[in-house]
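Here is a short briefing on one protein structure. Look at the sequence and the model first, then read the points below.

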Amino acid sequence: MTKMLIDAGKSSRGWSRIGNFAKCPQLFSYLYRLGDRPVEEGGCPSLAPPITALAKGSLGHTLQAHLHAIWGAAQPQGVVVDETHYTDPSVFMEPEDAAAAWCDKYGSSELLPQMLKVFHAYLAKFPEPPGDVIAVEAPVTAVLGKLRDQFGLWVGEEKGGEWRSLDGACIEVTPLCMPDHAEHGRPITLTRRIDLVTRDKSGRYFVWDHKHQAAVNAKSSASAYAIDGGFAAFRIMGKQLYGDAFGGLTLNLISSTQPGHVAREQVPSTPHRDAHFAQWLWWAEHQIAQLDLTTDPWEWPKAQNELSCYGRYGACAGLDLCSLGPRA
Ligand code: SF4
């Protein structure tokens, strides 16, 4: 039997798109407008993050996904992977085999020995499942609209042109309103792929996010991720998925350079921001659409802030493009 390689990739309309716009509209334009166009037709070169950082994260996620899927499928409740429920752990590749298969498919096999060392050191530290493993790499879609007269970002599903919430109620969608724009009238959605959902002994559900980083600093990472919009979305979705039984968000921090440096940290809640996150998302999508209609993509608003343009990881990939324009 061919064993399964779990897709631990990004979701289709995830937070990074809007997060990049919030950081700098011009950066969004390089990534999602000019980057889609050939350079000879006025586009810009790809500003994708360094391939090594991406590959380490993907390999790490693949290892974690298989570990938890195998654990969950062997537990009495079974596990949902992607959108399917499994009760047989033998359908999944072993984590090490899955990481090797990932490299066969996408390359970066030179990173495999190091990431396996990191994984085995993680397992030595956390050899048991962190509670009942309920879901792994679970896609969630939410849409902006009114549910029972309340505007918000609602987890739901579209069927035959109608959006329904988790309990089957009708969501009155608030679509993009920008006549002449290609996406005018389209529902505004946000998708997330939840790395892991667990349930503790008292029945509380936790949404986990695995982060592979060079150095693990649990407290400052938790504070930084707490205000990240992707985590607001996780919290909003988690509350709708699990109601009063939702326990919160857990960061699973794993150093990719110092095997064994790992930490699990609860992410502080941000109720003020979460309460108007949906309005903010609506505003951001309309700002993007308006810029599409009115402004040369090389001339979108630029952050022009030393911390945005030259941050923790060095210069923004768009620095030369902002300095010199198309001739860069
Ligand atoms: S260099 Fe600064 S202004 Fe230019 S894209 Fe990057 S963050 Fe935006």
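A residue counts as near a molecule if its C-beta atom, placed from the backbone, lies within 6 Å of it. Keep in mind that this is a predicted model.

**Around the ligand**
- The residues around the ligand include four cysteines by name: Cys 24, Cys 309, Cys 316 and Cys 322.
- Gln 26, Leu 27, Lys 302, Ala 303, Gln 304, Ser 308, Gly 318 and Leu 319 are also around the ligand.
- Two or more of these residues come from each of α2 (25–32), α10 (306–309) and α11 (319–324).
- By class, the shell has seven nonpolar, four polar and one charged residues.

**Helices α4 and α5**
- Helix α4 covers residues 95–106, and helix α5 covers residues 112–125.
- Their axes come within 11 Å and cross at roughly 155 degrees.
- Angles over 145 degrees count as roughly antiparallel, so α4 and α5 are roughly antiparallel to each other.
- The crossing of α4 past α5 is right-handed.
- On the α4 side, the contact uses Pro 95, Glu 96, Ala 99, Ala 100 and Cys 103.
- On the α5 side, Leu 112, Met 115, Leu 116 and Phe 119 take part.
- This contact has eight nonpolar, no polar and one charged residues.

**Met 178**
- Met 178 sits in the loop between β6 (170–173) and β7 (189–199).
- Leaving out residues up to four places away in sequence, Met 178 touches His 184, His 286, Ala 289, Gln 290 and Leu 293.
- Met 4 is 174 residues from Met 178 along the chain, and their C-alpha atoms are separated by 43 Å.

Note on methods:
Residues numbered from 1 in each chain as written. Predicted model: local features only at pLDDT ≥ 70, side-chain atom pairs only at ≥ 80, totals over all residues. Axes fitted to C-alpha atoms, helices over the stretch in contact; angles between N-to-C directions. Helix = DSSP H or I, 4+ residues; strand = E, 2+ residues; numbered from the N terminus. Parallel < 35°, antiparallel > 145°, perpendicular 65-115°, else oblique. Left-handed = near helix turned anticlockwise from the far one by under 90°. Contact = placed C-beta atoms within 7 Å. Nonpolar A, V, L, I, M, F, W, Y, C, P; charged D, E, K, R; others polar.
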